[in-house]
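This briefing is for a reader meeting the structure for the first time. It starts with strand pairing and then turns to single residues and charged pairs.

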Amino acid sequence: MKKYFLLFTLFVFQITFAHTEKDSLSRFHFQKMLLEEDDDCDACGCSANGGSMGFSSMFHNNFVGVRYFYQSYTSRDGIFNNSPWVDEDFNTVQVWARIPIIRKVQLSVLVPYHFHTRKRSTGDEHIDGLGDVTVLAMYNLYETMKDSTVFTHKLQLGGGVKAPTGKFDAENNKGSVNPGFQVGTGSWDYLLAAEYVLKKDNIGLNVMGNYTFKTENDKLYQFGDQLNYGATFFYLMERQSVKLVPQLGIAGEVFESNRQYRQTVPDSAGDIVFGKFGLEAGRKNLSVGINAMLPINQNLSNGNVESNYRWSINLNYSL
């Protein structure tokens, strides 16, 4: 995972200084294949904070809203090759906001509530509760003047913290290879994030990434560091008083191995790449968006966890 963090650092360094060279836009190529997220399957449950779906709207810089996302997984119910497979449904309702604090600084706040189901042969298991609250400050490092005749671009960098407001229950991990069946990690975790937007006329590219440093919780369990990335093309269309923004892109996650009692948990690392598409529609201060993500390539928990699909819907009010 250290090599991914190094790529993240190099990426930030590169795009920070690229704007000093007039013809250097080619450097930005939707290269941001830097980050990812997931340790085993932390991202599918307790850490589902929207990392690979993004922390912002294509419509408005500042907003408050509510977002629901659903994730479908199939996991091996046990540690043996002949262990049965079970379906897992992860549901999250999230209040999210991006609010200006001072000049060039915006604060993103994510407050999730999870309700998850695991369908075992012995009966369904259900857990629900408040998840881990994330607070992320983003600084507007560079933004060109808005001019429809040339490319415009904006770079934001930031950092934040995820508080252990969600409950971590070690009993949920017994007999299962998926430790993400939780509503919280039980640990204080720390994030670095970057977002870059390149736009000309009504066509644009949004590239984002975030890296989460995980710490050990009071149950001596530590989810692995995770890296998220995404690159999304978008097109702004205006139809009378309604604006439409169709989107198409990729999103990826990479997970470091988990640790328990300071020992590495076998087969708990992973990575996945999604194809992603969506649509946002807005009128005046209100906007609604829907997104879907389908896996292109994945290796979660050495093949013991499979992601089927994800989708989300959100309703926002611009500030």
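In this predicted model, strand E8 (residues 203-213) pairs with E10 in the antiparallel sense over 10 bridges. Strands (E, at least two residues) and helices (H or I, at least four residues) are DSSP runs numbered from the N terminus, and two strands pair if DSSP finds at least two bridges between them. Residues are numbered from 1 along each chain as its sequence is written, and side-chain values use heavy atoms, with hydrogens and water left out. Local features need pLDDT of at least 70 and side-chain atom pairs count only at pLDDT 80 or more, while totals for chains, interfaces and linings use all residues.

**Strands around E10**
- Opposite Leu205 stands Phe233 in E10.
- E10 also runs antiparallel to strand E12 (residues 242-255), to which nine bridges join it.
- Tyr229 has Gly252 in E12 as its bridge partner.
- Strand E10 covers residues 226-235, and eight of its 10 residues are buried (under 20% relative accessible area; exposed is over 50%, and partly exposed is in between, with a 1.4 Å probe and protein chains only).
- Gln247 is placed in strand E12 and is buried, with a relative accessible area of 9%.
- The side chains of Gln247 and Glu280 are joined by a polar contact of 3.3 Å (a pair of N or O atoms within 3.5 Å, of which, within protein, one must be able to donate a hydrogen and the other to accept it; residues adjacent in sequence count only if both atoms are side-chain atoms).

**A three-strand sheet**
- Three strands form an open sheet in the order E9-E13-E14, with antiparallel pairing.
- Strand E9 (221-222) and strand E14 (263-264) are at the edges with a single partner strand each, so one side of each has no neighbour in the sheet.
- Strand E13 (residues 259-260) pairs with E14 over two bridges, and Arg259 stands opposite Thr264 in E14.

**Ala97 and Ser318**
- Ala97, in strand E2 (residues 85-102), and Ser318, in strand E17 (residues 305-318), are 221 residues apart in sequence but 9.5 Å apart in space, C-alpha to C-alpha.
- Ala97 is buried at 10% relative accessible area, and Ser318 is buried at 8%.
- Leaving aside neighbours within four places in sequence, Ala97 is in contact with residues including Phe63 and Leu107 (contact means heavy atoms within 4.5 Å).
- Ser318 touches His60, Asn62, Phe63 and Asn285, not counting residues up to four places away in sequence.

**Salt bridges**
- The whole structure holds 10 salt bridges (a side-chain nitrogen of Lys or Arg within 4 Å of a carboxyl oxygen of Asp or Glu).
- One of them joins Glu88 and Arg118, with the closest N and O atoms 2.9 Å apart.
- That pair links strand E2 to strand E3 (residues 105-120) across 30 residues.
- Glu88 is buried at 0% relative accessible area, as is Arg118 at 1%.
- Asp89 and Lys119 meet in a salt bridge of 3.3 Å, N to O.
- Asp89 is in strand E2 and Lys119 in strand E3, so this pair ties together parts 30 residues apart in sequence.
- Asp89 is buried at 13%, whereas Lys119 is partly exposed at 40%.
- Lys200 and Asp201 form a salt bridge, with the closest N and O atoms 3.2 Å apart.
- Salt bridges with shared partners join Glu88, Arg118, Arg120 and Glu125 into one network.

**The protein overall**
- The protein has one helix and 17 strands.
- Of its 319 residues, 53% are buried.
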